[in-house]
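Here are some notes to read with the model open beside you. Take the points one at a time and find each place as you go.

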Amino acid sequence: MSALLEVRDLSVSFRVGRGRLQALDAVSLSLARGETLGLVGESGSGKSTFARALMLGLRPDAGDILFDGAPVSRLAGAALKAFRRRMQMVFQDPYSSLDPRMSVARILAEPLAAHGIGTRAERARLVADLLAKVGLPEDAALRLPSQFSGGQRQRVAIARALALSPEVLIADEPVSALDVSIQAQIVNLLRDLKEERGIALLVIAHDLALVHQLSDRIAVLYLGRVVEEGPADALVAAPLHPYTAALLSASPQPDPRAASRRIVLKGEPPSALDRPRGCAFHPRCPIARPLCAETTPPLAEAAQGRRVACFFPGELPGPLAGS
Amino acid sequence: MSDGLELTDVAIAFGASRVVDGVSLSVPRGSVLGLVGESGSGKSMIALGCLGLVPRPGVVSGEIRIAGRNIVGLPERELRAMRGGEVGIVFQDPMTSLNPVRRIGALMTETIRRHQGVSKPEALAIAERALAEVGIPSPAARLNAYAHELSGGLRQRVMIAMALVNRPRIILADEPTTALDATIQAQILDLLRARVADAAAVLITHDLGVAATLCDRIAVIYSGRIVETGTTADILTAPRHPYTAGLLRAVPRFDPSRPRLVPIPGLPPRPDARPPGCAFAPRCPRRIARCDADRPALADGLACWNPVA
């Protein structure tokens, strides 16, 4: 399958005082039509910078973003507008991402009007369709965001992102502001969008169990680099990178047996301003050897469809090994 | 009489809103209870009640016994002597609970001297030892740092060191790892597990997974009332209350078959507009006629007329 969205060697850095913070370092990832890619990382991993770069919210130092084979950096005018229509985003916080003074009908109709879609009456019908699609009652259209619960607001935000029938939906921590019982509603809605409408989904989150629930493939970011990428089930069942294994074991599962299989890492993630030599993970890695402190392992094909940046892939078993 | 924490029929009301509506709990010394609930369930208000910190115009009734002494209605002077002394506290965000304009050493020696009555140099030595015990590298140097100069994980370690330094009988930890990254959360849970052994500890969390890693027993709270209590293993593997069972079905697991998550429909009632019977009845898949009429009391660790078989 050819990639709908392809990111090649994307590097982004920010000036911080006199230094430079390398937020993304030669990241390459792709998303096929109708596929869900999960991007997992902790704070400072660069995952939100990646989303911003995709939405053209910042200028990369190097690398290309190709949409349908065309580099988006050269888009302008009508072509840029068309691209923006085809890729939409849902943010973490449904409380701050919706204009509190606008009715839901206006929030949903605005992107349609901005792209000159339909007459006023047709747009009203589209708004009703969108509300039904995300499981909100028809009379929701007349209300303000403040009259909804957090989960319902996130439905409004998803409806707004769907208004322009995008081919790619980027969801950055879409449920982390919501209660557990409500999270499941939004997760199921995203899953349905993918299965019924064939939307390609990029789910960015810190919660590996959540990402696994939604994704076909998962990529793990550490300090601005992809350290592992592969099919979601394979990556979770048998992680190749020791950081993936630790992240899996750190994901608190409501399972009384889980506690005995913990890998607790030493120390904290280093600053991207002061990246360790060699493999950036080596100071915290339970299986690091002298080589890891000297040479940076390249992200290389390890098995069918799996890539890993580690000299000793699979040596640290994940918490689910043998279960 | 218990030497831990004992709540008997505790209610915390703001006018007509009974945010906490008749909670009884017992946490003996040497055990960790997980108090698990979603936002608005009243779980954090219970923590404030145990500290005598319920904001005005909240009214606390019932009994909150710490090592046998009922603290409801105690004068502020005695409550202040208790907080940070007999009762250690760890909050979610150390940035808002550690005074930003004072050095870590000053914050720690103040609480040590207030509760232990030692000299300043002695207090500094105790503070340094306390930081070392929670795994803070170069503790002597950290005493001179300000909270904002530390990472989130280190700040939470400082908070835990301060909570433990006066050897409290009770430790309250309210969402202590919610603001932290997964690998740092694992470290802090490990630390708490190792360090709270002598006390009676309450971990307040929305996350059943976090409770599973740390707690001996779990109490599930819904709309200001305990709906189920039991050992961690029983709650997680054989939940009896439909709300507990619903929470467990709503959490994603690492299961290759990826069963569809089962959301709980609807929302919790407002505390001033609870239905007359069971507060969960309107959302409950096992609702029967009696659930709307009579409020089930907590008996044998369960408040339900039609429990999960």
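Predicted model: local features only at pLDDT ≥ 70, side-chain atom pairs only at ≥ 80, totals over all residues.

1. Now apply the cut-off to A:Ser165. A:Ser165 has 12 C-beta neighbours inside 10 Å, so it counts as exposed. Look for A:Ser165 in the loop between helix 5 (150-162) and strand 7 (168-172) of chain A. Its phi is near 45°, a positive value in a residue other than glycine.

2. Go next to A:Ala26. This residue is in strand 2 (residues 19-32) of chain A. Its phi is positive too, about 55°, although A:Ala26 is not a glycine. A:Ala26 counts as partly exposed because it has 16 C-beta neighbours inside 10 Å.

3. Check one peptide bond in chain B. The bond from B:Arg56 to B:Pro57 is cis, and its omega is near 0°. B:Pro57 is in the loop between helix 1 (43-50) and strand 4 (59-66) of chain B.

4. Turn to the interface. Here 39 residues of chain B are in contact with 35 residues of chain A. On the chain B side, helix 8 (182-195), helix 9 (208-214), helix 10 (232-237) and helix 11 (242-249) each supply at least two residues. Which helix of chain B gives the most to this side? Helix 8 does, with seven residues.

5. Finish with residue types. The side of chain B that touches chain A has 20 nonpolar, twelve polar and seven charged residues.

Conventions. Residues numbered from 1 in each chain as written. Chains lettered and ligands numbered in written order. Contact = placed C-beta atoms within 7 Å. Helix = DSSP H or I, 4+ residues; strand = E, 2+ residues; numbered from the N terminus. Nonpolar A, V, L, I, M, F, W, Y, C, P; charged D, E, K, R; others polar. Buried ≥ 20, exposed ≤ 12 C-beta atoms within 10 Å, placed from the backbone.
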